[in-house]
Amino acid sequence: LSVKMVGESLEESCNIDYERYIRIARPLASFKKDNQAVNNSKGDYIFRDYDEEGNEIVSIMFEMKNENEDSKIKSKNKDFYKKLDQDRRNKNCEYAVLISLLEPENEQFNAGLTTVYHEYPKMIVIRPNCFISLIYTLIVIESEILKYKLLLQDEKNKTIDISNFKDNLDQLQKASAINLKRIFSSI
């Protein structure tokens with residue numbers, strides 16, 4: 001297989017899993033090929049999920065890397081972190097995920113998901129078999145965070161409403177005092 005075909009086979013595999021396990025369960029979610037280059041760079045796929053009110057629950061920039069076993073030059077996962085992080089930022093995604101078959105002998109990457117937060121915030125490296133479970137895990141975590149963000153916003157709005165009420169009451173009292181002065185000074 002050509003290098004391009006090897007990479008596309010991994011993308012196709014993830015796309016099939018998405019269609020099989022997430023499309024029906026998360027009808028407001030999307031998993032789309034990233035076709036829009038920003039600063040001459042783009043990721044492979046972008047996943048976004050929303051709640052019924054249209055609030056974004058989670059967004060993930062995916063990059064997928066694979067190589068022929070007989071390749072003479074072996075790539076490392078870390079070779080792709082900087083670009084993936086920049087793509088995540090360019091597309092305003094919360095997370096960056098590298099789905100990788102690189103470094104097959106490295107137990108760090110074979111153990112499940114590997115965070116590289118010490119280098120790049122909200123970046124995770126996984127093997128393809130963790131693709132679906134990672135998406136569902138991030139949906140659950142971010143759904144809880146969204147719930148608390150919305151509660152906090154609601155409380156802030158209540159505080160603003162109380163502050164506005166107090167300001168309006170003060171203005172009413174001042175206006176009433178002025179009007180009362182006028183009424184009583186004319187008597």
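Where is the place of Lys91? Lys91 sits in the loop between helix 2 and strand 4, with helices (H or I, at least four residues) and strands (E, at least two) taken as DSSP runs and numbered from the N terminus. The model is a predicted one, so to read it: local features need pLDDT of at least 70, side-chain atom pairs count only at pLDDT 80 or more, and totals for chains, interfaces and linings use all residues. Residues are numbered from 1 along each chain as its sequence is written, and side-chain values use heavy atoms, with hydrogens and water left out.

Lys91 counts as buried at 13% relative accessibility; buried here is under 20% relative accessible area, exposed is over 50%, and partly exposed is in between (1.4 Å probe, protein chains only). The side chain of Lys91 reaches the backbone oxygen of Gln36 at 2.4 Å. Leaving aside residues up to four places away in sequence, Lys91 touches Asp34, Gln36, Val38, Lys42, Ile46, Arg48 and Met61, where a contact is heavy atoms within 4.5 Å. Helix 2 is also followed by Asn92, which has a positive phi, near 55°.

Helix 2 itself spans residues 81–90, and its buried residues are Tyr81, Leu84, Asp85, Asp87 and Arg88. These residues sit on the same side of helix 2, because they cover an arc of only 160° around the axis, the arc being that of the directions from the helix axis to the C-beta atoms. As background, an α-helix has 3.6 residues a turn, so residues three or four places apart point the same way. What do the buried residues of helix 2 pack against? Their partners are strand 3 (56–65), strand 4 (95–100), helix 3 (107–110) and strand 6 (123–126).

On to the charges. Side chains of opposite charge can pair when their charged atoms come close. The structure holds 12 salt bridges, each one a side-chain nitrogen of Lys or Arg within 4 Å of a carboxyl oxygen of Asp or Glu. Asp87 and Lys83 are both in helix 2, 4 residues apart, about one turn of the helix. Asp87 is buried, with a relative accessible area of 1%, whereas Lys83 is partly exposed at 36%. Through salt bridges that share partners, Glu63, Lys65, Lys83 and Asp87 are joined into one network.

Elsewhere, Arg26 and Asp49 meet through their side chains in a salt bridge (2.6 Å, N to O). That pair links distant parts of the chain, 23 residues apart: Arg26 lies in the loop between helix 1 (3–21) and strand 1 (30–33), and Asp49 in strand 2 (residues 45–50). Arg26 is partly exposed, with a relative accessible area of 23%, while Asp49 is buried at 0%. Arg23 forms another salt bridge, this one with Glu19, with 2.7 Å between the closest N and O atoms. Here Arg23 is partly exposed at 34% relative accessible area, and Glu19 is partly exposed at 36%.

How many disulfides does a search of the whole structure find? The search turns up 0, a disulfide being a pair of cysteine sulfur atoms within 2.5 Å. Cys14 is buried, with a relative accessible area of 1%, and Cys130 is buried at 15%.

Definitions and conventions. Polar contact = N/O pair within 3.5 Å; in protein donor to acceptor, adjacent residues only side chain to side chain.
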